[in-house]
Amino acid sequence: MLVTLTRFLKSNSLFCINILVLLLLLFGLLQTYGATYLPQIGIYAAGFVGCYFLVRKHFTNWKWHLRENRIDRKWLLRSIDALIVFTIGFQIIHYYVMGNVPVVKALLSTDYYHITQIRQDIKAVDSSLINYTSSFLLKAIVPFLLFLLYQIDKKRFWLYFFIATFYALALMQKAFIVTILMPLIIHLLLNRKWWRAFFFVGTFMSGIVLLVLVTNPTLRPAPFDCGACENSAPKKDLKDNRVASTKVADGIYERVFITTGEIVGDWFHYIP
């Protein structure tokens with residue numbers, strides 16, 4: 001039985017990943033909306049499972065790797081280098097337009113409301129071009145570059161990895177650090193490279209924890225903690241007597257396991 005299950009998981013990695021995501025969404029949906037929208041999510045699940053097994057042969061025969069022999073490697077590397085220069089150049093321009101590196105400025109502050117203002121100022125940049133380009137970079141170009149570099153040039157990958165993750169964290173949006181790494185993580189899972197996938201999952205989880213600490217000065221450990229943090233914190237935070245690590249863990253649990261399903265419920269509620 002165990003051998004059969006292991007064989008099925010290995011030959012249907014993509015299917016299993018989608019089922020896990022679906023279960024994650026279902027958990028949050030049940031926690032927030034109960035069984036109200038269970039029929040809708042059930043119809044989707046039944047449709048997905050049915051369609052998958054109808055075209056299962058196409059999935060099991062798919063080759064999940066980059067075929068370098070079909071591409072002129074030198075031309076490819078030059079194109080990637082051009083993209084890297086463009087993205088790094090844009091990041092420098094973005095920092096200049098903002099006048100600071102937001103995550104660093106927030107880390108040096110102990111005033112909760114000042115940190116909130118720093119986050120608001122990121123989107124307040126008076127340039128649609130800057131805002132749209134930044135969004136396009138983090139949601140499309142950077143994930144693509146990281147995925148491609150990992151396949152063909154590990155040295156370039158690790159250099160760009162640190163630059164890209166810093167930029168994603170600098171804008172103080174937790175979703176960005178997840179977005180830039182998710183294609184690579186999915187690729188590693190599909191190729192059953194579990195420990196490498198676990199490393200990058202740990203990377204974005206560490207990034208999320210860091211941003212939670214940056215945006216909530218009362219949760220920071222010494223030497224960052226100080227009386228000024230408590231004086232500037234919202235009343236609801238001052239009344240919360242939980243240990244800092246518990247608050248961080250609860251916050252991550254809420255965002256990963258509850259909020260995702262709640263958003264699905266909101267879609268069913270407002271867009272029937």
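Start by selecting Thr133, which sits in helix H8 of this predicted model. Is Thr133 buried or exposed? Thr133 is buried, because its relative accessible area is 17%, below the 20% cut-off. Now show its surroundings: beyond neighbours within four places in sequence, Thr133 is in contact with Phe86 and Phe90.

Next, widen the view to the largest nonpolar core, a set of 50 residues. Colour Leu146, Met172, Ile180, Leu181 and Phe200, the residues with the most contacts inside this core. To see where the core comes from, select helices H5 (73-98), H6 (102-107), H7 (112-123), H8 (128-152), H9, H10 and H11 (194-215), each of which supplies at least two residues. Which helix gives the most to this core? That is H8, with eleven residues.

Leaving aside neighbours within four places in sequence, Met172 is in contact with Pro102, Val103, Ala106, Ile115, Ile118, Arg119, Ile122, Leu211, Val214 and Thr215. Apart from this core there is another, of six residues, including Leu22, Leu29, Tyr37 and Val264.

For the last stop, select H9 (residues 154-170) and H10 (residues 174-190). Their axes come within 8 Å and cross at roughly 150 degrees, so H9 runs roughly antiparallel to H10. On the H9 side, show Phe157, Phe161, Ala164, Thr165, Ala168 and Leu169; on the H10 side, show Phe176, Ile177, Ile180, Leu181 and Leu184, and you have the residues that make the contact. Sorted by class, this contact has ten nonpolar residues, one polar and no charged ones.

Key
Residues are numbered from 1 along each chain as its sequence is written. This is a predicted model: local features need pLDDT of at least 70, side-chain atom pairs count only at pLDDT 80 or more; totals for chains, interfaces and linings use all residues. Side-chain values use heavy atoms; hydrogens and water are left out. Axes are lines fitted to C-alpha atoms, for helices over the stretch in contact, and angles run from 0 to 180 degrees between N-to-C directions. Helices (H or I, at least four residues) and strands (E, at least two) are DSSP runs, numbered from the N terminus. Angles under 35 degrees count as roughly parallel, over 145 as roughly antiparallel, 65 to 115 as roughly perpendicular and the rest as oblique. Contact means heavy atoms within 4.5 Å. Ala, Val, Leu, Ile, Met, Phe, Trp, Tyr, Cys and Pro count as nonpolar, Asp, Glu, Lys and Arg as charged, and the others, Gly among them, as polar. A nonpolar core is a set of buried Ala, Val, Leu, Ile, Met, Phe, Trp, Tyr and Cys residues joined through side-chain atoms within 4.5 Å. Buried means under 20% relative accessible area, exposed over 50%, partly exposed in between (1.4 Å probe, protein chains only).
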